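Open the model in your viewer and keep the selection tool ready. Each stop below gives you something to select and tells you what is there.

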Number of protein chains: 2
Amino acid sequence: MGGKSLVFFCVITIVWAASTVFAEDYTYETKYLDVPVSHFDFSKNATFKLRYLVNDTFWSRRKGPIFFYTGNEGDIELFARNTGFMWDIAAEFRAMLVFAEHRYYGKSMPFGDNSFSSPEYSGYLTSTEAMADFVDVIYQIWGETKVNSPVIAFGGSYGGMLSAWIRMKYPAVILGSLASSAPIWQFEGMTPCSTAFKIVTDVFSMADKECSATIRKAWSIIDKQGQSEDGRRLLSKSWNLCKELNNTKDVETFKAYINEACFDLAMINYPYPTNFLAPVPAWPVKAVCSYMNDSSVPDLELLDKLFRGISVYSNYTGQTKCLDVDLDDNTAGLSYSGWDIQSCTEMVMPMCADGVNDMFEPDEWNLQNYSDTCVNKYKLKPDPRIIEKLYGGKNINDHKNIIFSNGLLDPWSGGGVMKDISSSIFTVIIPESAHHLDLRAADPADPDSVKQARKHYKKIFRAWLEEHYRTSAQRTK
Amino acid sequence: MGGKSLVFFCVITIVWAASTVFAEDYTYETKYLDVPVSHFDFSKNATFKLRYLVNDTFWSRRKGPIFFYTGNEGDIELFARNTGFMWDIAAEFRAMLVFAEHRYYGKSMPFGDNSFSSPEYSGYLTSTEAMADFVDVIYQIWGETKVNSPVIAFGGSYGGMLSAWIRMKYPAVILGSLASSAPIWQFEGMTPCSTAFKIVTDVFSMADKECSATIRKAWSIIDKQGQSEDGRRLLSKSWNLCKELNNTKDVETFKAYINEACFDLAMINYPYPTNFLAPVPAWPVKAVCSYMNDSSVPDLELLDKLFRGISVYSNYTGQTKCLDVDLDDNTAGLSYSGWDIQSCTEMVMPMCADGVNDMFEPDEWNLQNYSDTCVNKYKLKPDPRIIEKLYGGKNINDHKNIIFSNGLLDPWSGGGVMKDISSSIFTVIIPESAHHLDLRAADPADPDSVKQARKHYKKIFRAWLEEHYRTSAQRTK
């Protein structure tokens with residue numbers, strides 16, 4: 001699979017873990033609902049416990065909506081704590097807050113420890129099944145409260161894809177959706193595979209033209225060093241690596257780390273400091289690039305500049321003892337298994353680089369290799385067309401009540417909905433936003449474009465709700 | 001299960017087999033496509049061969065749509081031969097005709113002879129899976145023809161439900177749908193369980209007020225006769241039954257036959273003679289009721305009138321040697337298994353009668369009994385809410401491009417969409433139509449309301465197609 005298929009996962013876990021500043025104010029009741037392992041057939045009766053979090057402090061039974069977070073690839077508590085926007089506006093809308101965990105993540109394991117052990121168990125990890133779980137949660141709440149409160153779905157990144165798709169598939173259940181940084185078009189035949197890395201490159205170039213040039217030059221220099229034992233020793237020492245580079249395979253891992261660091265930095269290029277595996281400052285790409293201001297320096301000096309820059313990501317506080325470039329070790333207790341498996345079935349998101357229009361090493365998209373790796377690793381064969389078949393691909397004109405928001409600093413915006421589709425599908429472009437900044441809690445450093453976007457969302461939500469209550473009143477007349 | 005859950009199935013098989021007059025003109029290529037047994041999970045790789053029929057004689061590659069019949073509970077060839085409307089207008093629209101078989105019917109058996117043997121095999125018989133099969137067939141055709149021709153879905157009865165639902169779930173694949181006599185609201189909490197039998201009663205009353213009164217009186221008279229051996233012998237003889245009524249259980253079967261005959265007669269109350277298990281004349285209910293014009297006659301005379309009336313259904317040609325009232329024997333080589341199983345999972349359509357507002361024996365709807373029977377018979381537990389969850393129940397306002405047509409003579413119209421929903425969901429009421437008469441081939445005896453309806457459909461199809469080609473042209477600019 002290489003690093004790239006994991007990038008998307010990293011995005012989320014990193015970003016969602018990024019800030020727990022306001023987390024103490026966020027309280028919720030943890031609940032579990034028995035849901036079918038398989039919603040669309042009757043071949044077995046198996047169910048499992050799906051976790052969801054509820055806060056109804058602000059909720060008005062009569063006129064209050066449900067703000068429903070469509071959980072994505074991680075522990076739902078991370079999303080609950082890091083989707084400050086929902087908490088920020090709950091009182092104003094008298095909304096109930098619900099955060100539903102995605103099956104196969106966090107505590108919602110359909111087959112316990114066996115959940116990832118073979119397709120027989122892991123095969124039920126699909127977006128379609130996850131959305132059916134969410135619908136069950138909503139019906140459960142409607143049943144308990146004895147009122148079918150209108151539901152607005154929220155989601156970021158893959159969770160944003162789900163919030164868009166669940167509105168498309170269940171418009172009777174979901175009144176409308178805010179799909180933030182949701183690359184629903186990052187699939188075969190919808191978006192060029194080169195787009196995401198081009199955007200990352202642009203973000204670095206905007207910080208400093210020399211910055212992207214430095215990175216583009218670095219790969220071959222690393223390769224040259226990496227060919228000899230002396231060179232590898234030099235790299236290991238100057239970068240303070242935890243494990244010495246022993247061969248060219250280790251060198252590939254080292255480069256993959258830098259590649260992913262660049263991608264992540266673009267995504268979390270927020271206007272205020274955030275924490276994740278390690279803390280980063282405000283506008284981290286700018287901070288990184290401040291060290292890479294001259295790509296014409298000799299090779300070893302260039303690598304040293306790169307090291308200083310990347311250290312903003314890997315060792316901002318100076319507390320990191322050594323640099324661990326092994327991606328699999330780098331997950332802070334989170335398991336890649338879920339997203340890795342989804343990448344081997346539905347979530348086939350082609351990515352490529354050419355080293356000319358972007359600053360990365362040339363890397364073609366090869367479906368056959370990708371597929372072979374999946375079959376070897378999980379006995380799962382990716383289906384690159386299934387997302388288009390299920391969710392309509394580029395032809396989503398007939399849907400309504402979806403807000404697609406994208407930040408221009410976000411590499412995933414390239415696979416997002418960036419143009420106006422219809423009068424009832426809203427496209428919001430946030431020039432100064434990285435990956436779903438709009439969903440985070442309000443911060444004094446937020447750029448105006450994010451503040452405006454949030455105001456706009458609230459206006460749209462109000463219109464949806466007014467329309468809903470008007471229509472319901474007519475229906476019950 | 002009793003007779004009632006089977007009624008719906010009978011509807012279809014009977015009606016679709018009703019006329020083969022034009023069948024010789026209808027030619028098609030028979031094809032098979034490998035489709036996944038389970039579209040929504042990756043737990044296994046099993047596929048099976050789904051049958052579909054294609055006629056592209058009239059098709060224009062550049063501007064021709066695909067008219068796609070969403071097969072229902074029976075052999076697809078029956079539907080191809082009996083959906084004359086599609087054939088009638090194919091040349092005019094330069095359309096390709098496709099008739100796709102529903103899994104678990106006809107020749108599309110996922111597990112061969114084992115398909116109905118246990119939930120492990122039968123559990124994949126669901127509407128959702130069937131629609132995913134249809135989408136696969138469309139992608140297959142799009143791939144082969146190298147042009148994504150716009151698709152208009154057609155369907156009657158359960159097939160009409162599928163044609164409506166497939167547009168709701170896959171608007172990017174299905175441009176629009178004609179859902180004829182599709183009782184998508186014949187489910188828990190959407191339509192009173194008494195509606196269908198009330199409509200049957202009205203149809204008989206309209207033919208002759210005394211007709212429904214005769215039938216209403218008959219049940220207790222049959223019961224009275226059925227209590228004694230002499231009475232049962234008398235009934236057996238006067239009705240010329242193939243098997244003598246030996247006990248009160250046999251008497252229940254006898255009554256169930258009459259009950260179902262009445263229901264079927266209302267459904268096939270067409271303006272011209274049709275054939276099915278036996279031929280019936282034009283406007284068969286009128287013919288039946290011509291014998292039941294006085295409900296005040298003595299008991300045995302009333303039963304004789306009923307016998308003469310029902311004979312229009314059971315022995316119109318006079319060729320029937322004896323009357324076989326055993327419903328399970330009455331299927332002309334068709335298997336009930338498929339629909340019987342669907343009735344025990346998703347297709348839980350509550351039906352009841354009170355004997356006051358309708359002419360039938362009082363019969364309450366009892367979900368618990370219904371469910372127990374299913375568990376005993378198939379190890380399957382009906383889920384009475386699943387259709388609402390999946391397809392939105394009464395809240396379908398946000399969908400577009402669906403025509404719901406219903407005949408006022410059709411018992412199933414009570415569970416159909418009979419009121420205007422929105423400007424892009426069309427409701428067409430056909431006063432003089434029984435069960436999906438509009439889908440049948442044009443006939444000189446067709447009432448004006450059916451002719452008008454068909455004209456209206458064509459106008460709507462044209463608007464959909466024009467809009468489609470306009471939008472596609474814009475998109476490719």
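Select Lys400(B) to begin. With a relative accessible area of 29%, Lys400(B) is partly exposed. Here, buried means under 20% relative accessible area, exposed means over 50%, and partly exposed lies in between, using a 1.4 Å probe and protein chains only. Lys400(B) and Asp398(A) form a salt bridge, with the closest N and O atoms 3.4 Å apart. This pair crosses between chains: Lys400(B) sits in the loop between α15 (386–391) and β7 (402–407) of chain B, and Asp398(A) in the loop between α15 (386–391) and β7 of chain A. A salt bridge means a side-chain nitrogen of Lys or Arg within 4 Å of a carboxyl oxygen of Asp or Glu. Side chains of opposite charge can pair when their charged atoms come close.

A note before moving on: this is a predicted model, in which local features need pLDDT of at least 70 and side-chain atom pairs count only at pLDDT 80 or more, while totals for chains, interfaces and linings use all residues. Residues are numbered from 1 along each chain as its sequence is written, chains are lettered from A and ligands numbered from 1 in the order in which they are written, and side-chain values use heavy atoms, leaving out hydrogens and water.

Pick Glu92(A) and Lys458(A): their side chains meet in one, at 3.0 Å from N to O. The two come from distant parts of the chain, 366 residues apart, with Glu92(A) in helix α3 (residues 84–93) and Lys458(A) in helix α16 of chain A. Helices are DSSP runs (H or I, at least four residues), as are strands (E, at least two), and both are numbered from the N terminus. Is Lys458(A) buried or exposed? Lys458(A) is buried, with a relative accessible area of 18%, whereas Glu92(A) is partly exposed at 42%.

Switch to chain B. Select Glu144(B) and Lys31(B), whose side chains meet in a salt bridge of 3.7 Å, N to O. Glu144(B) lies in helix α5 (residues 127–145) and Lys31(B) in strand β1 (residues 29–36) of chain B, so the pair ties together parts that are 113 residues apart in sequence. Glu144(B) is partly exposed at 43%. Lys31(B) is partly exposed too, at 23%.

Back in chain A, select Arg51(A), Asp75(A), Glu77(A), Arg81(A) and Glu101(A). Salt bridges link them in a network.

**Rings**

Colour Phe, Tyr and Trp next. Their rings (for Trp, the six-membered one) pair if the centres lie within 6.5 Å; planes under 30 degrees apart count as stacked, over 60 as edge-to-face and the rest as tilted. By this rule there are 57 aromatic pairs over all chains. Phe461(A) and Trp464(A) make a tilted one, 5.8 Å centre to centre with 40° between the planes. They are three residues apart in helix α16 (residues 448–476) of chain A, which means that about one helical turn separates them. Phe461(A) is buried at 0% relative accessibility, and Trp464(A) is buried at 5%.

For a stacked pair, go to Tyr270(B) and Tyr272(B): 6.3 Å centre to centre, 20° between the planes. Both are buried.

Now select Lys169(A) and Tyr170(B). Lys169(A) lies over the ring face, 4.1 Å from the ring centre. A charge sits over a ring if NZ of Lys or CZ of Arg is within 6 Å of the ring centre and within 35 degrees of the ring normal. Lys169(B) lies over the face of Tyr170(A), again at 4.1 Å from the ring centre.

**Strands**

Last, show strand β7 (residues 402–407) of chain A. Six of its six residues are buried. Ile402(A), Phe404(A) and Asn406(A) point one way from β7(A), while Ile403(A), Ser405(A) and Gly407(A) point the other way. Two strands pair if DSSP finds at least two bridges between them. Strand β6 (residues 176–180) of chain A pairs with β7(A) in the parallel sense over four bridges. β7(A) and β8(A) also pair in the parallel sense, over six bridges. Finish on Ile402(A): this residue is the bridge partner of Ser177(A) and stands opposite Ile425(A) in β8(A).
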